[in-house]
Amino acid sequence: MSTAISTTEEVHAHGHDHGHDHEHEHHELGFIRKYIFSEDHKTIAKQYLISGILWAFIGGSLSIIFRLQLGFPDMSLEWLRPILGEWIDESGKLDKEFYLALVTMHGTIMVFFVLTAGLSGTFSNFLIPLQIGARDMASGFINMLSYWFFALSSVIMFSSLFIETGPASGGWVIYPPLSALPQAMPGSGLGMTLWLTSMALFIVSQLMGGINYICTIINLRTRGMTFTKMPLTIWSFFFTAVLGLLSFPVLLSAALLLIFDRSFGTSFYLSEIYIQGQALPNMGGSPILYQHLFWFLGHPEVYIVLLPALGMTSEVIATNSRKPIFGYRAMIGSMMGITVLAFIVWAHHMFVTGMNPFLGSVFMFLTLIIAVPSAVKGFNYITTLWKGNIVFTPAMLFSIGLVSLFISGGVTGIILGNSALDINLHDTYFVVAHFHLVMGAASFFGLMAGVYHWFPKMFGRMMNKTAGYIHFWLTFVGVYAVFFPMHYTGIAGFPRRYYSFTALGNDGEAAFTDLNAFISLAAIITFTAQAIFFFNFFYSIFKGKRATQNPWKSNTLEWTTPIVPGHGNWEGEIPAVYRWPYDYSKPGSEADFIPQTIPHSATPESNLPEENDEIAKEKEIESLLAAQNESYNR
Amino acid sequence: MNYLVGLLSVVFFILAITVISKSLKLNKNLSGENESDSALDSHNNTNAVGFLLFWLFGTIAGVWSFLHSQPDFLPEAASAHGVKTDSMFWISMAVVTFAFFITNSLLFFFAFQYRNDKNRKATFYPVNHKLEIIWTIIPAIVMAILVFTGWRTWRDITSQAPSNAVVIEVTGHQFGWYVRYAGNDDSQLGNINYKLIDETNSLGLDFTDKNSFDDFTASELHLPKGVPVLLKIRAQDVLHSVYLPFQRVKMDAVPGMPTKFWFTPTISTDEMRAKLGKKDFNFKLNCTEICGRGHFGMAITVFVDEPADYKKWVMEQKPFLTMNPAYLSKVPENLKAKASKYIPAEPIAADSTATEAVSVK
């Protein structure tokens with residue numbers, strides 16, 4: 001904030017109550033500052049969400065195109081020519097390179113643009129200030145930059161879909177030398193340059209977002225909101241931001257070195273290459289180096305995608321089971337464990353890439369340790385449902401779906417994390433099934449749970465519940481129908497990123513022709529079902545039923561704001577927090593929920609013995625008000 | 001498989017119909033706004049039943065589809081270590097399937113059992129340390145056992161190849177595999193240098209190394225049964241990955257960094273044909289690392305021969321130098337005498353061994 005503004009503020013502050021000082025900053029902004037280059041965390045969250053939804057439809061439709069090829073290899077795709085043009089070859093089939101481009105872009109878009117930006121970007125921005133009791137993010141300006149860097153990166157990535165040589169096609173992991181040599185495939189030309197540029201900007205955006213989330217959570221919690229009173233959503237966003245902040249720079253370095261190799265003749269990843277009748281001069285580089293750098297981000301990235309989904313699920317399941325989340329501290333502990341371990345398991349993606357087998361042993365041990373905190377989380381969710389009084393809102397359905405998918409995809413991780421078993425399964429459909437369930441679908445379900453749950457807070461209106469139920473059931477059955485059978489083709493040794501399976505020989509592909517057709521059909525139905533959500537979402541923004549202040553009878557702070565919170569979130573004082581966020585169905589209490597803002601002194605009938613000590617601290621919490629207001633006026 | 005399609009579409013259909021009809025019924029009753037203001041509505045029980053149905057049909061579909069797909073899984077492993085990893089795989093699968101089934105069943109059953117009831121209150125049950133310790137320790141122990149057995153197998157598989165191992169070199173390139181044998185005289189692979197690659201010498205054999213003289217190349221991979229084989233794996237242009245699905249062998253081919261994998265084939269091609277009842281069955285070597293447009297077609301045929309047949313086949317092969325006598329000029333003067341023994345009196349017409357196994361346009 002510039003000095004000029006602070007001075008005016010101080011002038012205004014004279015003769016005013018401190019608590020209302022923030023009102024002075026609130027003058028009407030023009031359309032551009034309010035909706036486009038907005039510094040308000042809620043608007044930025046909505047920008048992320050809508051961008052994420054649009055990206056999800058693009059990423060999903062790419063997968064439908066390549067599923068057509070895999071499920072119906074004899075089908076003429078001539079009818080796609082108006083859209084894909086030259087990418088449909090003379091025989092009416094998908095071009096083989098374009099198939100790889102589709103696979104690559106589907107992965108890139110889904111992992112980074114939908115599940116990183118669309119999920120964490122949306123809900124970290126939206127919920128952190130609202131749930132910890134802050135007026136906004138620590139730096140609204142950096143937050144705005146974060147979104148616009150993401151937008152710029154999106155535009156570049158999107159434009160790469162339309163260039164003549166096609167977008168990046170070397171798989172979402174863009175392993176060199178394939179990605180480094182334009183002569184290896186056309187997609188490694190301009191398409192790869194755009195990919196790298198876009199990702200570099202994306203990383204900048206993530207870092208600006210992440211540092212903001214961390215600062216906000218550490219510094220801007222309202223009075224009484226100690227770390228052990230934070231909702232699990234906030235804990236998960238915190239760990240996610242830490243993961244991103246520490247690992248994305250490594251991806252940036254990997255990308256930079258690749259840019260050097262591609263454009264400036266260095267040999268970080270290139271050595272002894274003979275391609276297209278030409279021996280390249282590069283010596284001494286190592287493609288394995290790139291893989292280490294990539295997966296040092298790549299593995300934490302899995303948790304960057306998943307942890308926010310798990311955090312939101314914790315909140316939604318507790319609220320709608322009308323029960324406290326089981327094992328609150330164990331949940332924090334397991335997320336902390338996952339965060340730490342996430343950094344030391346990366347090489348399990350590289351067991352058979354030529355890495356030293358001894359390293360493989362080490363990473364196998366570390367990898368299987370991470371299964372323990374994950375298992376604890378699963379058990380805790382299930383126990384939270386036990387003896388609950390469950391309300392199946394669409395958000396709750398998606399949360400239960402998430403837990404199921406998280407388990408189903410997670411258990412096969414124990415198989416793949418075992419380096420001896422990974423030999424046969426590496427890069428087969430078994431892996432595709434595993435990560436789509438545990439990371440793709442589970443995180444997507446978390447995103448959906450979040451949207452259904454916090455939609456009333458975002459837009460002041462309700463989404464149609466019935467449409468939500470239909471959307472859930474079609475998606476839940478559909479996701480299982482798509483990914484569960486892939487385990488079978490994986491065990492049968494079908495490699496991923498194959499345009500066709502004919503070269504497997506011995507009629508290997510014939511045995512699974514029906515299954516592949518079934519998977520494609522299920523994928524098309526599931527994808528189509530998302531239209532229900534799409535229309536429900538956009539219709540409800542404008543025409544949905546008006547929301548009440550606390551539609552899910554939830555305890556957390558965001559439901560104490562006005563139905564449509566304005567700039568600064570709370571009119572008047574920011575509320576103080578006196579208790580943890582999970583006092584649902586507390587014995588002795590009349591209501592089945594006690595919001596965090598209710599002091600223990602007001603609920604003598606339901607206090608647990610140790611909570612009577614908390615009453616003494618209430619005075620202390622209240623006395624922090626002046627200091628808190630002071631901090632906003634600095 | 002058509003049954004599965006049918007079954008699942010029926011599930012889709014029934015669920016969709018129930019939900020829609022319920023919702024229509026509700027909408028009729030819903031003139032006021034009271035009910036939809038609360039999170040709870042008349043669909044709550046429908047959704048609870050939905051989880052139970054999902055569990056039921058999911059279990060049926062899961063079991064049925066597994067049994068239906070099982071005959072098409074990879075057949076019995078045709079290598080010594082593959083038998084071990086296969087049995088470990090199925091044991092691990094049994095363990096995780098058990099965990100998967102129990103936890104998912106509890107999840108869906110609890111969802112159904114504890115659906116909202118206005119007359120009931122949820123049980124305030126925030127923590128139980130004993131329970132938490134139990135379910136931290138049990139997975140930890142199971143995991144420890146799986147890791148330990150896995151680690152021992154992994155250690156054996158990746159140990160030094162036995163000294164009697166037959167050394168064969170496999171080199172990946174866009175889009176095919178070159179196979180090179182050490183030859184019949186010195187059983188040593190000669191040096192190669194990527195800068196020496198030309199149209200005929202597609203591997204870049206270095207003829208300043210006398211070990212290269214008797215090396216021969218092939219467009220198929222022949223392996224002796226029951227004898228350890230050490231694959232030395234190279235790549236010329238981009239990453240590739242050697243995958244012998246039937247032998248459960250996989251190792252990336254990395255430009256500039258030779259890799260290796262040793263194993264013992266235990267079932268010959270003929271035996272496998274008999275076992276599977278398929279006369280034209282053949283083992284394959286596929287590529288499993290994305291390498292460009294021809295990635296999916298990058299395969300060669302693998303023959304596992306009885307040791308005597310293997311020996312016979314090896315003896316029949318002609319060194320590269322014999323096939324391409326012009327390369328004698330690359331041999332340094334002091335080794336010319338040694339090399340000339342591989343040069344035939346009559347020049348051989350064409351080189352057929354250095355061609356690509358699969359070429360994909």
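Let's begin with the two domains of chain A in this predicted model: the C-alpha centres of domain 1 of chain A and domain 2 of chain A sit 35 Å apart. Domain 1 of chain A runs over 33-271 + 281-546, and domain 2 of chain A over 550-633. Where they meet, 29 residues of domain 1 of chain A are in contact with 32 residues of domain 2 of chain A.

Which helices supply at least two residues each to the domain 1 side of that boundary? They are helix H6 (96-132), helix H10 (287-321) and helix H16 (429-459) of chain A. H6(A) gives the most, with 4 residues. If you sort that domain 1 side by class, you get 11 nonpolar, 10 polar and 8 charged residues. Please keep H6(A) in mind; we'll meet it again.

Now step back and look at chain A as a whole. Its secondary structure comes to 21 helices and 4 strands. Why would we call its radius of gyration consistent with a compact globule? With 634 residues, such a globule would be near 26 Å, and chain A has 26 Å, so the two agree. Along the principal axes, the C-alpha atoms of chain A fill a box of roughly 80 × 55 × 50 Å. Buried residues make up 61% of the 634 residues. And if you take the contacts in chain A with a separation of 6 or more, 78% of them are between residues 24 or more positions apart.

On the annotation side, an unreviewed UniProt entry lists residues 31-578 of chain A as "domain: Cytochrome oxidase subunit I profile". That span is 65% helix and 1% strand, and its end C-alpha atoms lie 38 Å apart.

One residue in chain A deserves a quick stop, and that's A:Met355. You'll find A:Met355 in the loop between helix H11 (328-342) and helix H12 (357-369) of chain A. Is A:Met355 buried or partly exposed? It counts as partly exposed, because it has 19 C-beta neighbours inside 10 Å, and the buried class calls for 20 or more. Not counting residues up to four places away in sequence, A:Met355 touches A:Ile288, A:Ala347, A:Met350 and A:Gly360. A:His292 is 63 residues away from A:Met355 along the chain, yet their C-alpha atoms are separated by 9.6 Å.

Let's move over to chain B. The domain assignment here gives domain 1 (1-25 + 43-117), domain 2 (127-159) and domain 3 (166-340). Between domain 1 of chain B and domain 3 of chain B, the C-alpha centres are 44 Å apart. Those two do touch: 10 residues of domain 1 of chain B are in contact with 15 residues of domain 3 of chain B. The domain 1 side of that contact divides into 5 nonpolar, 4 polar and 1 charged.

UniProt, again from an unreviewed entry, places "transmembrane region" at residues 6-24, 45-67, 87-112 and 133-154 of chain B. Let me show you two of these. Residues 87-112 of chain B are 100% helix and 0% strand, with end C-alpha atoms 37 Å apart. Residues 133-154 of chain B are also 100% helix and 0% strand, and there the end C-alpha atoms lie 31 Å apart.

Further along, the unreviewed entry's annotation "domain: Cytochrome oxidase subunit II copper A binding" covers residues 163-316 of chain B. This span is 12% helix and 35% strand, and 24 Å separates its end C-alpha atoms.

So how do the chains come together?

Last stop, the largest nonpolar core, which has 286 residues. Which members touch the most other members? They are A:Ala442 and B:Val242. As for B:Val242, leaving aside its neighbours within four places in sequence, its contacts are B:Val170, B:Leu231, B:Ile233, B:Val249, B:Lys250, B:Met251, B:Ala253 and B:Leu285.

Conventions: Residues are numbered from 1 along each chain as its sequence is written. Chains are lettered from A and ligands numbered from 1 in the order in which they are written. This is a predicted model: local features need pLDDT of at least 70, side-chain atom pairs count only at pLDDT 80 or more; totals for chains, interfaces and linings use all residues. The radius of gyration is taken over C-alpha atoms; the globule rule is 2.2 Å times the number of residues to the power 0.38. A residue is buried if 20 or more other C-beta atoms lie within 10 Å of its own, exposed if 12 or fewer, and partly exposed in between; C-beta atoms are placed from the backbone. Two residues are in contact if their C-beta atoms, placed from the backbone, lie within 7 Å. Domain bounds come from an automatic or database domain assignment. Ala, Val, Leu, Ile, Met, Phe, Trp, Tyr, Cys and Pro count as nonpolar, Asp, Glu, Lys and Arg as charged, and the others, Gly among them, as polar. UniProt positions are given in the numbering used here, feature names are shortened, and annotations may be inferred rather than shown by experiment. A nonpolar core is a set of buried Ala, Val, Leu, Ile, Met, Phe, Trp, Tyr and Cys residues joined through C-beta atoms within 7 Å.
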